[in-house]
Amino acid sequence: MAYSEKLIDHYTHPKNVGTLDKSKTNVGTGLVGAPECGDVMRLQIEVDETTGVISDAKFKTFGCGSAIASSSLATEWLKGKTVDQALTIDNMDIVEELNLPPVKIHCSVLAEDAIKAAINDYRVKNGMPALELEEKKH
Amino acid sequence: MELKLPIYLDNNATTPCDPRVVDAMLPYFTEKFGNAASRNHSFGWTAEEAVDYAREQVAKLIGADPKEIIFTSGATEADNLAIKGVFEMYASRGNHIITCTTEHKAVLDTCKHIEKLGGQVTYLPVAADGLIDLNELEKAITDKTILIAIMYGNNEIGVIQPIREISKIARKHGVLFFTDGTQAVGKVPVDVNADGIDLMAFSAHKMYGPKGVGALYVRRKSPRVKVTAQMDGGGHERGMRSGTMNVPGIVGFGKACEICMNEMEAEGQRLSKMRDRLEAGLMQLEEAYVNGNREHRLPHVANISFKYVEGEGLMMGFNKDIALSSGSACTSASLEPSYVLKALGLGDDLAHSSLRFGLGRFTTDEQIDYTIKAISETVLKLREMSPLWEMFKEGIDLNSIEWAHH
């Protein structure tokens, strides 16, 4: 299976690997996937409380190269977006950007789930109701 | 010696042809192209002689009589012929077959087919080290049992089953014993008489011969074993396998067996030393585990799980330079991790984190050094970005987390 250059670059030089302080109220954490499935993503956002803009995003991922690249790309896209804008990131955008092969589409779905889970964590922490999330097929 | 890249450590998948094998084969594509079944001219005689000689070379490697070798297209066909052929031939005696859960798919799927035909199949579990329990094997035998099918050496973990003990049990109960010897023949001494084997499948391309040729050993004396042909036609191979002989392939197979016969002992020692060094180097990493019994094992195989790192992600870190296999689901479309590792009782997480190393005739010490370094670096790098590693380091029990299953 040949991977795109962008994917390999994200795998080789992942952006924003790390951990944010999850005890802070302006940090949202999403942990999705399961070790048994071979993919676990943890994605975190830090929101600027005055502007509502995501000022920082970090990830850690256990998974294949596509999963690592999908989460690395997601953190890049999240930074500078408002929380509402972040909700519009669709897994198919990730598929397109990284040119993921069909068997790896679930990695992009997981990344989208991780974004939404992080946003929901942030919302709940800040007294907002969690959003109902549509189920995507993995 | 200079380091040669890329490094091939997937010799359980296939091996390169030994140049000596290719040299032996070449004339049989061009000037000696005859059909070994052509009885009435010199082209046919030349081809037949070559096949006869190869049959001797192949038989000698496993201590068999040349007449007991049935050439096939490979081990998968030989597995099919053995199991389906015995099932049909001995239908009047019974319909029960005993095998185990870590067999190759060519055996397991054939057994599934037998079940569809109305046969009964017992799939013995294996212990955590990959070995079957001989008591369980004996207990599984019924008066309907016609065949025990247990592999010699496992393709994923290299574990060697207690072949002689199995054959003793088979003999005691008058049951035939078939073994898939694909990974073992040419790597460790296999002797069909000393080992008590009645049928054995093996393949050329796992022992530095060409792809597309293999053999089924079928015992002729005490007991005389027969299999029903699964391929009908010209009645080749004593009626057990019709089809024009793959003469160049068979010649190459014979040469490959001869080379193994002469070099196996030294090669096995060299490879097991190298494998042990590879293993010791990689076991320097925290949370690395060798899968399968380390004592009863093929000399060239190692299977190691690197906990908290996913196998395919791991391979991507060095797959431009190092070729090997993973038990990870991500390497297959099925999304299921290795059934062999799961049969050992490994959790899915460890099965996903495994790499299989298959060393070979052309593996060098420099390549092993490079591999230890490249894999260690990648494991460390990926653990730095693994949420599971972080949790482990913080002392969080991963089983205490409610994971979202997909």
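**Notebook: sheets, helices and a chain contact**

I began with chain B, where four strands form an open antiparallel sheet in the order 9-10-13-12. I noted that this is a predicted model, in which local features need pLDDT of at least 70, side-chain atom pairs count only at pLDDT 80 or more, and totals for chains, interfaces and linings use all residues. Residues are numbered from 1 along each chain as its sequence is written, while chains are lettered from A and ligands numbered from 1 in the order in which they are written.

**Entry 1: the sheet of chain B**

I recorded strand 9 (288-290) and strand 12 (325-326) of chain B as the edge strands, each pairing on one side only. Helices (H or I, at least four residues) and strands (E, at least two) are DSSP runs, numbered from the N terminus. Two strands pair if DSSP finds at least two bridges between them. I then looked up strand 10 (residues 301-306) and strand 13 (residues 354-358) of chain B, which pair in the antiparallel sense over five bridges. In this pair, B:V301 stands opposite B:G358 of strand 13 of chain B.

**Entry 2: helix 7 of chain B**

I found that helix 7 of chain B lies across strand 9, strand 10 and strand 13 of chain B and runs at about 10 degrees to strand 10 of chain B. Axes are lines fitted to C-alpha atoms, for helices over the stretch in contact, and angles run from 0 to 180 degrees between N-to-C directions.

I next followed helix 7 (residues 247-282) of chain B to helix 11 (residues 365-384) of chain B; their axes come within 9 Å and cross at roughly 20 degrees. The two helices are therefore roughly parallel to each other. Angles under 35 degrees count as roughly parallel, over 145 as roughly antiparallel, 65 to 115 as roughly perpendicular and the rest as oblique. I noted the crossing of helix 7 and helix 11 of chain B as right-handed. A crossing is left-handed if the near helix is turned anticlockwise from the far one by less than a right angle, and right-handed if clockwise.

Among the residues that make this contact are B:M274 and B:L278 of helix 7 of chain B, and B:I368 and B:I372 of helix 11 of chain B. Residues are in contact if their C-beta atoms, placed from the backbone, lie within 7 Å. I read the classes of this contact as six nonpolar, three polar and two charged residues. Ala, Val, Leu, Ile, Met, Phe, Trp, Tyr, Cys and Pro count as nonpolar, Asp, Glu, Lys and Arg as charged, and the others, Gly among them, as polar.

**Entry 3: the sheet of chain A**

In chain A I looked up an open sheet of three strands with the order 1-2-3 and antiparallel pairing. Strand 1 and strand 3 of chain A stand at the edges with a single partner strand each, so one side of each is left without a neighbour in the sheet. On average, neighbouring strands of this sheet are turned by 10 degrees against each other, direction ignored.

I counted eight bridges between the antiparallel strand 1 and strand 2 of chain A. A:V27 has A:E46 of strand 2 of chain A as its bridge partner, and A:E46 stands opposite A:D56 in strand 3 of chain A. The hairpin of strand 1 and strand 2 of chain A has four residues between the strands, and A:G38 takes a positive phi near 85 degrees. The hairpin of strand 2 and strand 3 of chain A has six residues between them, and A:G52 in the turn has a positive phi of about 75 degrees.

I checked burial too: seven of the eight residues of strand 1 of chain A are buried, so this strand is largely enclosed by the rest of the structure. Strand 3 of chain A is mostly covered, with seven of its nine residues buried. A residue is buried if 20 or more other C-beta atoms lie within 10 Å of its own, exposed if 12 or fewer, and partly exposed in between, with C-beta atoms placed from the backbone.

Methods: Two residues are in contact if their C-beta atoms, placed from the backbone, lie within 7 Å.
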